[in-house]
Amino acid sequence: MRVFYLHGFASSAKSSKATFLAGQLAARGVTLETPDLNQPDFQTLTVTRMVNQVLELAGTGEPVALIGSSLGAFVAVAAAVRRPAAVSQLVLLAPALDFGATTRDFGAERLERWKATNALDVFHFGYGRMIPVHYELYADAARHDAVHAALSMPVQVFQGRRDTVVDPLVVERWAAARPAIELHLLDDDHQLLHSLDLIWAGIERRLFGGDAYQQMP
């Protein structure tokens with residue numbers, strides 16, 4: 001069994017959620033694969049580059065399970081759409097399903113400045129400093145449509161009701177249009193750090209079977 005964790009925007013493969021899930025999976029004898037999606041450099045980050053990286057690592061062997069957080073969830077959906085046979089299941093944590101809509105909240109003036117200068121200064125939590133990212137991130141994201149994605153594999157979604165980055169109503173509507181999706185709205189914020197045990201219970205049930213998931217909200 002191969003399981004990947006795809007970190008969020010301006011985060012890293014050593015995030016709190018990645019570390020927690022790696023420990024839980026290790027106890028089950030599974031190594032969590034945590035690619036650094038910032039590579040080769042954060043400045044030239046695009047969704048297409050991240051999708052290519054994930055699918056290259058997945059290879060053509062057994063299908064992999066993808067756990068994606070925020071923008072990492074967007075990438076997970078895009079990878080599943082592009083090569084559904086490579087992905088056995090998806091776990092989406094606070095999924096930024098419409099990354100373009102999120103960045104449009106910057107306002108037209110800031111977007112135009114980003115386009116003109118080709119640089120948007122972002123605080124990178126993994127590196128602990130401000131780093132500019134190129135405008136192609138925004139332009140390329142529009143080429144991937146997670147909102148209307150048709151997904152054939154099992155999907156779990158965990159979304160905080162107090163999330164101020166990803167609109168819980170958008171996620172709820174997205175899941176409602178796909179009856180096979182398991183949606184769990186949690187009393188938490190975008191980071192979902194207070195819900196890690198609940199999230200693990202859901203992942204454990206899907207990956208290993210059993211009834212650990214039955215008591216979840």
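E109 and R113 form a salt bridge in which the closest N and O atoms are 4.0 Å apart. The model is a predicted one, in which local features need pLDDT of at least 70 and side-chain atom pairs count only at pLDDT 80 or more, while totals for chains, interfaces and linings use all residues. Residues are numbered from 1 along each chain as its sequence is written, and side-chain values use heavy atoms, with hydrogens and water left out.

## Salt bridges

A salt bridge here is a side-chain nitrogen of Lys or Arg within 4 Å of a carboxyl oxygen of Asp or Glu. By this rule the count is eight salt bridges. Side chains of opposite charge can pair when their charged atoms come close.

E109 and R113 both belong to helix α5 (residues 108-117), and because they are four residues apart there, about one helical turn separates them. An α-helix has 3.6 residues a turn, so residues three or four places apart point the same way. Helices (H or I, at least four residues) and strands (E, at least two) are DSSP runs, numbered from the N terminus. E109 is exposed at 64% relative accessibility, and R113 is partly exposed at 46%. Buried stands for under 20% relative accessible area, exposed for over 50%, and partly exposed for values in between (1.4 Å probe, protein chains only).

A salt bridge also joins R143 and D140, at 3.1 Å from N to O. R143 is exposed, with a relative accessible area of 54%, whereas D140 is buried at 3%. E136, D140 and R143 are linked in a network of salt bridges.

D187 pairs with R162 in a salt bridge, with the closest N and O atoms 3.1 Å apart. This pair links distant parts of the chain, 25 residues apart: D187 is in the loop between β8 (182-186) and α8 (196-208), and R162 is in the loop between β7 (155-160) and α7 (168-176). D187 is exposed at 56% relative accessible area, and R162 is partly exposed at 44%.

| Salt bridge | N to O distance |
|---|---|
| E109 and R113 | 4.0 Å |
| R143 and D140 | 3.1 Å |
| D187 and R162 | 3.1 Å |

## Backbone angles

Most residues other than glycine have a negative phi, and most peptide bonds are trans. Which residues does a cis peptide bond join? The bond lies between Q39 and P40, with omega about 5°. P40 is placed in the loop between β2 (32-33) and α2 (47-58).

S70, a residue other than glycine, has a positive phi near 60°. S70 sits in the loop between β3 (64-69) and α3 (71-82) and is buried, with a relative accessible area of 11%. L192 is not a glycine either, yet its phi is positive at about 60°. L192 is in the loop between β8 and α8, and at 0% relative accessibility L192 is buried.

## Helix α2

The expected span of a helix is 1.5 Å times one less than its number of residues. For the 12 residues of α2 this gives 16 Å, which agrees with the 16 Å between its end C-alpha atoms. Buried residues in α2 are V47, R49, M50, V51, Q53, V54, L55 and A58. These buried residues pack against β1 (3-6), β3, α3 and α6 (136-141), where contact means heavy atoms within 4.5 Å. Just after α2, G59 has a positive phi of about 70°.
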